[in-house]
Amino acid sequence: MSSATVTATKTPAASPAVPVPAADTSAHDAGLLLLRVVLGLTVAAHGTQKLFGWFGGGGIGGTGQFFTASGYPAGDAMAVLAGLTETLGGLGLALGLLTPLAGAAVTGTMINAVAVHGAGAFFAPKGMEYELLLAVAAAALTLTGPGRHAVDRLLPVPALRAHRLALGAQALALGVLLAVVTLIIRG
């Protein structure tokens, strides 16, 4: 006796809708705050080394000599430019103030630092891993925005209050462009 095989198609039972809770961004915001403050204050301290000789830095004169020896024209002017960019960009990141521009400024400065230190190796003492890490962290903050715990949220500029990837990408492109121009001037 043969039996016919019958394939029955059943409609899968609809699973009950499970409500998806709204995303809790508090951990995200806390992480961004920690990254911003530590990165920003570290970079700002480096800037004050260049400008004022604080924390064992060379001041404008010593840093200017380093820039001249590294192939930059007008070493003292470059020391002031780098010192101001690091100090103001770092403080901007730490505070979450004008974060896209602050992050782009730090990224551009660190691109130049990578170019200067990159001739040796990846790791210290002649490497560029530290500068690369600072550049990538600043670029990441430029793209992601500062999170909720930032001065940007208090400013009357909607683009800064609700950070958008496009704004971060544009600021980052500006920082990279200025870094490349500076490297071209270096020769």
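What percentage of the 187 residues in the protein chain do buried residues make up? The answer is 36%, where buried means under 20% relative accessible area, exposed means over 50%, and partly exposed is in between (1.4 Å probe, protein chains only).

Two notes before you click. This is a predicted model, with local features needing pLDDT of at least 70 and side-chain atom pairs counting only at pLDDT 80 or more, while totals for chains, interfaces and linings use all residues. Residues are numbered from 1 along each chain as its sequence is written, and side-chain values use heavy atoms, with hydrogens and water left out.

**Whole chain**

Start with the cartoon view. You'll find seven helices and zero strands in the protein chain; these are DSSP runs numbered from the N terminus (helices are H or I, at least four residues; strands are E, at least two).

**Helix α4**

Select residues 99-117, which is helix α4. Its 19 residues should span 27 Å at 1.5 Å a residue, and the end C-alpha atoms are 26 Å apart, which agrees. The expected span here is 1.5 Å times one less than the number of residues. Of those 19 residues, 14 are buried, so α4 is largely enclosed by the rest of the structure.

**Helix α5**

Next, pick 129-144, helix α5. Its 16 residues should span 22 Å, and its end C-alpha atoms are 22 Å apart, which agrees. Show side chains for its buried residues: Glu131, Leu134, Ala135, Ala137, Ala138, Ala139, Leu141 and Thr142. These pack against α1, α3, α4 and α7. Step just past the end of α5 and you reach Gly145, with a positive phi of about 95°.

**Salt bridges**

How many salt bridges does the structure hold? There are two, a salt bridge being a side-chain nitrogen of Lys or Arg within 4 Å of a carboxyl oxygen of Asp or Glu.

Select Asp29 and Arg148, whose side chains meet in a salt bridge at 2.4 Å, N to O. This pair links distant parts of the chain, 119 residues apart: Asp29 is in helix α1 (residues 26-52), and Arg148 is in the loop between α5 and α6. Asp29 is buried at 3% relative accessible area, whereas Arg148 counts as partly exposed at 39%.

Then pick Glu86 and Lys50, which form a salt bridge at 3.0 Å, N to O.

**Asp152**

Is Asp152 buried or exposed? Asp152 is buried, yet has no salt bridge. Arg36 is the nearest side chain of opposite charge, 7.3 Å away; in this count Lys and Arg are positive, Asp and Glu are negative, and His and the chain ends are left out. You'll find Asp152 in the loop between α5 and α6 (158-161). Show its neighbours beyond four places in sequence: contacts include Gly96, Leu97, Pro146 and Arg161. Thr99 is also in contact, and a polar contact of 2.7 Å joins the side chains of Asp152 and Thr99. For a polar contact, a pair of N or O atoms lies within 3.5 Å; within protein, one must be able to donate a hydrogen and the other to accept it, and residues adjacent in sequence count only if both atoms are side-chain atoms.

**Positive phi in the loops**

Go to Phe55 in the loop between α1 and α2. Phe55 is not a glycine, but has a positive phi of about 55°, and is exposed at 61% relative accessible area. Then try Leu98 in the loop between α3 and α4, where phi is near 50°. Leu98 is partly exposed, at 41%.

**Last stop: Thr182**

Finish on Thr182 in helix α7 (residues 165-186). Thr182 is buried at 19% relative accessible area. Not counting residues up to four places away in sequence, Thr182 touches Tyr72, Met78 and Asn112.

Terms used:
Contact means heavy atoms within 4.5 Å.
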